Amino acid sequence: MEYVYAALILHKLKKEINEPNVTSIIQAAGGDVNTSKVKALVASLSNVDIEKIINSASVSPVQTPQQSPDSNIQNKEKESKTKEEKSGKTEEQAMEGLASLFG
């Protein structure tokens, strides 16, 4: 995975993705370089348009009105109240029981 990250760093810096550059990034990060992996990565990426792939993968999720952050907080509060009702214990009671374990 570190080899792919090295290639992405080089792409971001607009540097050529070649064996010496990938090797130097891996070494700078303190990793052991496997030259066959470096060669395979460079060969695999030789005809790939990385920018096009990044743009096609960069899709942000769309929030619907019922999935807004406020409604998520309200849903979590309802869930925690429901759990307390099912267990019959409040958070304070649970903490008291936990505190008794440690004297």
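This is a predicted model: local features need pLDDT of at least 70, side-chain atom pairs count only at pLDDT 80 or more; totals for chains, interfaces and linings use all residues.

The dialogue below goes from the overall fold to single residues.

Me: What share of the contacts joins residues that are at least 24 apart in sequence?

Reply: The count takes contacts between residues at least 6 apart in sequence, and 40% of these join residues at least 24 apart.

Me: How should I read the packing of two helices, for instance H1 and H2: at what angle do they pack?

Reply: One reads the angle together with the distance between the axes. H1 and H2 (residues 19-28) pack at about 115°, and their axes are 9 Å apart. Angles of 65 to 115 degrees count as roughly perpendicular, and H1 and H2 are therefore placed in that class. Their crossing is right-handed.

Me: Which residues of H1 and H2 meet?

Reply: H1 contributes Glu-2, Tyr-3, Ala-6, Ile-9 and Leu-10, while H2 contributes Asn-21, Val-22, Ile-25 and Ile-26. By class, the residues of this contact are seven nonpolar, one polar and one charged.

Me: How do H1 and H3 lie relative to each other, and at what angle do they pack?

Reply: H1 (residues 2-12) packs against H3 (residues 35-44) at an angle of about 50°, with 10 Å between the axes. The two helices are therefore oblique to each other. H1 passes H3 in a right-handed crossing. In this contact, Tyr-3, Val-4 and Ala-7 of H1 meet Lys-37, Val-38 and Leu-41 of H3. These residues comprise five nonpolar, no polar and one charged.

Me: Which residues make up the largest nonpolar core?

Reply: The general idea is that in soluble globular proteins, nonpolar side chains tend to be buried together. Here the largest nonpolar core has nine residues: Tyr-3, Ala-6, Ala-7, Leu-10, Val-22, Ile-26, Val-38, Leu-41 and Val-42. H1, H2 and H3 are the elements that give two or more residues to this core. The largest share, four residues, comes from H1.

Me: What does Ile-26 touch, beyond residues up to four places away in sequence?

Reply: Ile-26, a member of that core, touches Glu-2, Tyr-3, Ala-6, Gly-31, Asp-32 and Val-33 when those sequence neighbours are left out.

Me: Gly-31 is in that list. Where in the chain is Gly-31, and how far is its C-alpha atom from that of Glu-2?

Reply: Gly-31 is in the loop between H2 and H3. Its C-alpha atom is separated by 8.6 Å from that of Glu-2, although these residues are 29 residues apart along the chain. Gly-31 has a relative accessible area of 32% and is therefore classed as partly exposed.

Me: In which helix is Ile-54, and which residues does it touch, not counting residues up to four places away in sequence?

Reply: Ile-54 is in helix H4 (residues 50-57). With those neighbours set aside, Ile-54 touches Leu-8 and His-11. Ile-54 and Leu-8 are 46 residues apart in sequence, and their C-alpha atoms are 9.8 Å apart in space. The relative accessible area of Ile-54 is 32%, so this residue is partly exposed.

Me: What is the phi of Lys-14, and is Lys-14 buried or exposed?

Reply: Phi of Lys-14 is near 60°, a positive value in a residue other than glycine. Lys-14 lies in the loop between H1 and H2. Exposed means over 50% relative accessible area, and Lys-14, at 76% relative accessibility, therefore counts as exposed.

Conventions
Residues are numbered from 1 along each chain as its sequence is written. Side-chain values use heavy atoms; hydrogens and water are left out. Axes are lines fitted to C-alpha atoms, for helices over the stretch in contact, and angles run from 0 to 180 degrees between N-to-C directions. Angles under 35 degrees count as roughly parallel, over 145 as roughly antiparallel, 65 to 115 as roughly perpendicular and the rest as oblique. A crossing is left-handed if the near helix is turned anticlockwise from the far one by less than a right angle, and right-handed if clockwise. Contact means heavy atoms within 4.5 Å. Ala, Val, Leu, Ile, Met, Phe, Trp, Tyr, Cys and Pro count as nonpolar, Asp, Glu, Lys and Arg as charged, and the others, Gly among them, as polar. A nonpolar core is a set of buried Ala, Val, Leu, Ile, Met, Phe, Trp, Tyr and Cys residues joined through side-chain atoms within 4.5 Å. Buried means under 20% relative accessible area, exposed over 50%, partly exposed in between (1.4 Å probe, protein chains only).
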